[in-house]
Amino acid sequence: MKIEGAKLNKRWNLLYKNIDPKTVAAIESAATVSPLLALLLAVRDVKPQEAASYIKGGMQYLYDPFLLQDMDKAVNRIQEAIRNNEKICVYGDYDVDGISSVSMLLSYFKQEGVTADFYIPDREKEGYGLNADAIRNIAENGTSLLITVDTGITAIEETDLANSLGMDVIITDHHSVGEVLPCAIAVINPKRPDCNYPFKALAGAGVAFKLLCALCGDTKKAVTDFCDTAALATIADVVSLNGENRIITALGLRKMRKMPSIGFSALLESAGIEAAQLTSYQISFGVAPRLNAAGRMGNCLPAVRLLQTDSIDEASEIAAELDAQNTARKALGDVIYEEAIAAIEDGDYSDKQVIVLAHSGWHHGIIGITASKIAEQYYKSTFLISTDGKIGKGSGRSIPGLNLYEALRSADSLLDRYGGHALAAGLTISVENIEELSAALNAYAESVLTPEDRIPSLDIDAPLDISLPLLQVAHQLETLEPYGAGNPKPVFLISGVTLSSVRTSKDERHLFLRLFKNGAAVDCVAFGKGDLANQLNRGDTVDIAGELHLNTYGGVTTPQIIMQDIRVKN
């Protein structure tokens, strides 16, 4: 029997089938964990010798920042600028990663008695990255040292311009590296081909944090002062929460829960989140959007001020302002989404693997979020381009299997500018080239996507026996937190269970099941899948793919399965 429903009938990828039992046993012994936890670690490609550090974390597992290529050059030049009281400007991106990176460096310079300037380009008027007008204005302001954070790795001409105007440039970035590096005093990026840094997946704020570790000369001080902001950005930028990112995030969350900054406390209050119970999920969907709203709606200054302020009143005022901007951002996003869906329904995208839509006046700060929703809905990589006269600025989101940066690189002759990651990218293009870009991206997708890549998949980490003490298992899973990209909450296969109850919520939106097998039972909820109730019957034998959660109601905590997919066996 085939179950119809939103985001169901995925290709189940049983990750645990590829794991050597000897590896599981070695992890179990090395980290003193349960067999199930050892299996989950093995699925995450954690080696036995890494298991203890993965679970325990701690600053002692952070790498020496001077392993990053050019770190010594950057530190020497910054220290020289501080000694000579030179004018310093920090140039960042307008997302949470860039805003956080700017804030951390400004805080460091403030500690050193230096009043540094900062510059974040206007998303609508200037677009991503360094631009010539901004460089000239910064130079005219007397700046002699320009430090980029979360941007700059492809700014070849802009760096040359800065040099010609008498500024030294230090670039810190984490985006993909081109064939030529900018001619800067130092270029710090773990993705440099000649950089032997052990961990390549740092966020932009992670690279800035490593610079601060080197400048402080004391990792403990850097962790105390900056790790919370670095963690915020690392989560918000959706980089893999493994390796150093996992350590930075865990340390930062610990500080946020115990001693949140004044600005962060105001953000949490506006989002209705308790600091003591803060999770990476809440940062992703409750905190980060409020900071991102500043850049998306045009002015990042309030967000930077919020992360810098020592005033409770100012923090509350700014947090309320960001909350209002976030509400406005959602409303604009709804309009763009409806217009994009209408365009897709009126067009013919059935045979295309990349959706490219252009529309005059779409808010450039919001189209990326909307592209993500459309990519998820249709399971096709999606670019939305906002046009203004002859120029279009676009944001893209991808499905696994199609690297957007490489796709854009294959069509770089059609583009004015582009940059990004495998799953998210931005571009600037002449309107006359948009149709040709769509054809080029689809041709590239056809050349790289396999038939399996075109079917939504669900990674399943391990089988789960519901006769186990699930409360205890759920508490064990907390060892794997913080969850996020690269370290998602485990999805379990619960096979051969009988449905002893099938019902929906009062509004019929959500589905509630009671799973039974060999005398054991557990509740299961499928959010937004109430329409399945008329296709399931009490007594059906099913396989469930889902997450194990703890549900507290009326002071009583019980285990609960959050269903991701279902297959009926009889």
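**Close-up views of a predicted model**

**View 1. Phenylalanine 209 and its surroundings.** Leaving aside its neighbours within four places in sequence, phenylalanine 209 is in contact (heavy atoms within 4.5 Å) with Leu62, Met104, Ala222, Val223, Phe226, Cys227, Ala230 and Ile248. The model is a predicted one, in which local features need pLDDT of at least 70 and side-chain atom pairs count only at pLDDT 80 or more, while totals for chains, interfaces and linings use all residues. Residues are numbered from 1 along each chain as its sequence is written, and side-chain values use heavy atoms, with hydrogens and water left out.

**View 2. The nonpolar cores.** A nonpolar core is a set of buried Ala, Val, Leu, Ile, Met, Phe, Trp, Tyr and Cys residues joined through side-chain atoms within 4.5 Å, where buried means under 20% relative accessible area, exposed means over 50%, and partly exposed lies in between (1.4 Å probe, protein chains only). The largest nonpolar core has 78 residues, of which Ile78, Phe109, Phe209, Leu211 and Leu232 touch the most other members. Apart from it lies another core, of 52 residues, which includes Ala31, Val33, Val46 and Leu513. In soluble globular proteins, nonpolar side chains tend to be buried together.

**View 3. The second largest pocket.** On a 1 Å grid over the protein atoms alone, a pocket is an open set of points where a 1.4 Å probe fits, with protein on both sides within 12 Å along at least five of seven lines, and lining residues have an atom within 4 Å of a point. The second largest pocket has a volume of about 440 Å³, the volume being the space filled by probe spheres set on the points, which are joined across faces, edges and corners. Of the 19 residues that line this pocket, Ser107, Asp225, Ser261, Leu307 and Gln308 lie nearest its centre. Two or more lining residues come from each of helix H5 (96–111), helix H9 (219–236), helix H11 (262–271) and helix H13 (301–308); helices are DSSP runs (H or I, at least four residues), strands likewise (E, at least two), and both are numbered from the N terminus.

**View 4. Aspartate 228 in helix H9.** Aspartate 228 lies in helix H9 and, at 9% relative accessibility, counts as buried. Not counting residues up to four places away in sequence, aspartate 228 touches Gly252, Lys255 and Met256.

**View 5. Two aromatic pairs.** The structure holds five aromatic pairs, a pair being rings of Phe, Tyr and Trp (its six-membered ring) with centres within 6.5 Å, called stacked if the planes are under 30 degrees apart, edge-to-face if over 60, and tilted for the rest. The rings of tyrosine 63 and tyrosine 197 have centres 5.7 Å apart and planes at 80°, so this pair is edge-to-face. Tyrosine 63 is partly exposed, with a relative accessible area of 34%, whereas tyrosine 197, at 1%, counts as buried. Tyrosine 91 and tyrosine 119 form a tilted pair, 5.3 Å centre to centre with 35° between the planes. Because tyrosine 91 lies in strand S2 (residues 88–92) and tyrosine 119 in strand S3 (residues 117–119), the pair ties together parts that are 28 residues apart in sequence.

**View 6. Cysteine 524 in strand S16.** Cysteine 524 is found in strand S16 (residues 520–526) and is buried, with a relative accessible area of 2%. Not counting residues up to four places away in sequence, cysteine 524 touches Leu511, Phe512, Leu513, Leu515, Ile544, Ile561 and Met563.
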